[in-house]
Amino acid sequence: MTDFSASDHRPIRVLLADDEELIRHGVRLILRHAEGIEVVGEASNGEEAVRVAGQTHPDVALIDIRMPVLDGLATIERLLALHPRPQVVMLTTFGDEKNVTRALRSGATGFLLKDEGPQELISAVRAAAAGDAVLSPKVTRTVIERMLDPEAGRSGPEGASATACGSVPGQQLAALTGRERDVLALLGQGLANAEIGRQLGIGVGTVKTHVSAVLVKTGTDSRVQAAVLAYRTGLLS
């Protein structure tokens, strides 16, 4: 994974995979006009996406959850086995909460609603390329609630960790500084590092330091698990 910054000259390479040509066309038009982003490949199903990714080596793969031949969930596993592997962001709709949860447990960087605005899409691609989680604030809480559901969270490492997060939440929060709690609360809202920085008036580098500290001190393995903890401990209003 490459950590991109504003000074990088190499464009962020993006793969689009969606069985709806209209969706691919719209996303491609948006990204085509974004500075520092290049669409290097497209696919109409998961199997084709894996093949194209192996040929084009994208930094970010925007993958529809529901695709023919090989669905998005199976596609994630195949993409993450590539070297170098791309950051995988799932394109979803409001009705896909269960599949989104499974996608996150499978290693996806995050999820993005298909009806997000152009700037949100561009920001998400840049965040994913930088290794930042992409969690659409519009559906983050719904997904977290599903991950906290006993039936939905019985299998998979993410579900197990979510259960563990809830075992000693008071102790986990007690280890955090006030600023780290602020960061955790914003993680719970699904905000990327740049957005957290704007909210708190601090630089992205400082945000990354705080996020790393939050994950270490709370014993969570990902931003998604941290978001679950924020929800469990009442940091989200």
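The legends below describe close-up views of a predicted model.

**View 1. The chain as a whole, as context for the close-ups.** The predicted chain holds 12 helices and 6 strands, and 50% of its 237 residues count as buried. Among contacts between residues at least 6 apart in sequence, 67% join residues at least 24 apart.

**View 2. The packing of helix H3 against helix H4.** Helix H3, residues 72–80, and helix H4, residues 97–106, have axes 9 Å apart and pack at an angle of about 15 degrees, which makes H3 roughly parallel to H4. The crossing in which H3 passes H4 is right-handed. On the H3 side the contact is formed by Leu73, Ile76 and Leu80, which meet Asn99, Arg102, Ala103 and Ser106 of H4; sorted by class, the contact has 4 nonpolar, 2 polar and 1 charged residues.

View 3. The buried residues are Glu97, Asn99, Val100, Thr101, Ala103, Leu104 and Arg105.

**View 4. The largest nonpolar core and the contacts of Val88.** This core has 26 residues, of which Ile63, Ile76, Leu79, Val88 and Met90 touch the most other members. At least two residues of the core come from each of strand E1 (12–17), helix H2 (46–56), strand E3 (60–64), H3, strand E4 (87–92) and H4. Apart from this core lies another one of 21 residues, including Ile37, Leu112, Ala128 and Val134. When neighbours within four places in sequence are left aside, Val88 is in contact with Ala61, Ile63, Ile76, Leu79, Leu80, Ala108, Thr109 and Gly110.

**View 5. The loop that carries Gly190.** Gly190 lies between helix H9 (178–188) and helix H10 (193–200), in the loop that joins them, and is buried, with a relative accessible area of 6%. Although Gly190 and Val134 are 56 residues apart along the chain, their C-alpha atoms are separated by 7.3 Å. Not counting residues up to four places away in sequence, Gly190 touches Leu135, Pro137 and Thr140.

**View 6. The crossing of helices H10 and H11.** The axes of H10 and helix H11, residues 204–218, come within 9 Å and cross at roughly 105 degrees, and the two helices are therefore roughly perpendicular to each other. Asn193, Ala194, Ile196 and Gly197 of H10 make the contact with Val204, Val207, Lys208 and Val211 of H11. By class, the residues of this contact divide into 5 nonpolar, 2 polar and 1 charged.

View 7. In the loop between H2 and E3, His57 has a phi near 50 degrees, a positive value in a residue other than glycine, and is partly exposed, with a relative accessible area of 39%. Val69, in the loop between E3 and H3, likewise is not a glycine and has a positive phi of about 70 degrees; with a relative accessible area of 62%, Val69 is exposed. The loop between H3 and E4 contains Pro84, and the peptide bond leading from His83 to Pro84 is cis, with omega near -5 degrees.

Notes: Residues are numbered from 1 along each chain as its sequence is written. This is a predicted model: local features need pLDDT of at least 70, side-chain atom pairs count only at pLDDT 80 or more; totals for chains, interfaces and linings use all residues. Side-chain values use heavy atoms; hydrogens and water are left out. Axes are lines fitted to C-alpha atoms, for helices over the stretch in contact, and angles run from 0 to 180 degrees between N-to-C directions. Helices (H or I, at least four residues) and strands (E, at least two) are DSSP runs, numbered from the N terminus. Angles under 35 degrees count as roughly parallel, over 145 as roughly antiparallel, 65 to 115 as roughly perpendicular and the rest as oblique. A crossing is left-handed if the near helix is turned anticlockwise from the far one by less than a right angle, and right-handed if clockwise. Contact means heavy atoms within 4.5 Å. Ala, Val, Leu, Ile, Met, Phe, Trp, Tyr, Cys and Pro count as nonpolar, Asp, Glu, Lys and Arg as charged, and the others, Gly among them, as polar. A nonpolar core is a set of buried Ala, Val, Leu, Ile, Met, Phe, Trp, Tyr and Cys residues joined through side-chain atoms within 4.5 Å. Buried means under 20% relative accessible area, exposed over 50%, partly exposed in between (1.4 Å probe, protein chains only).
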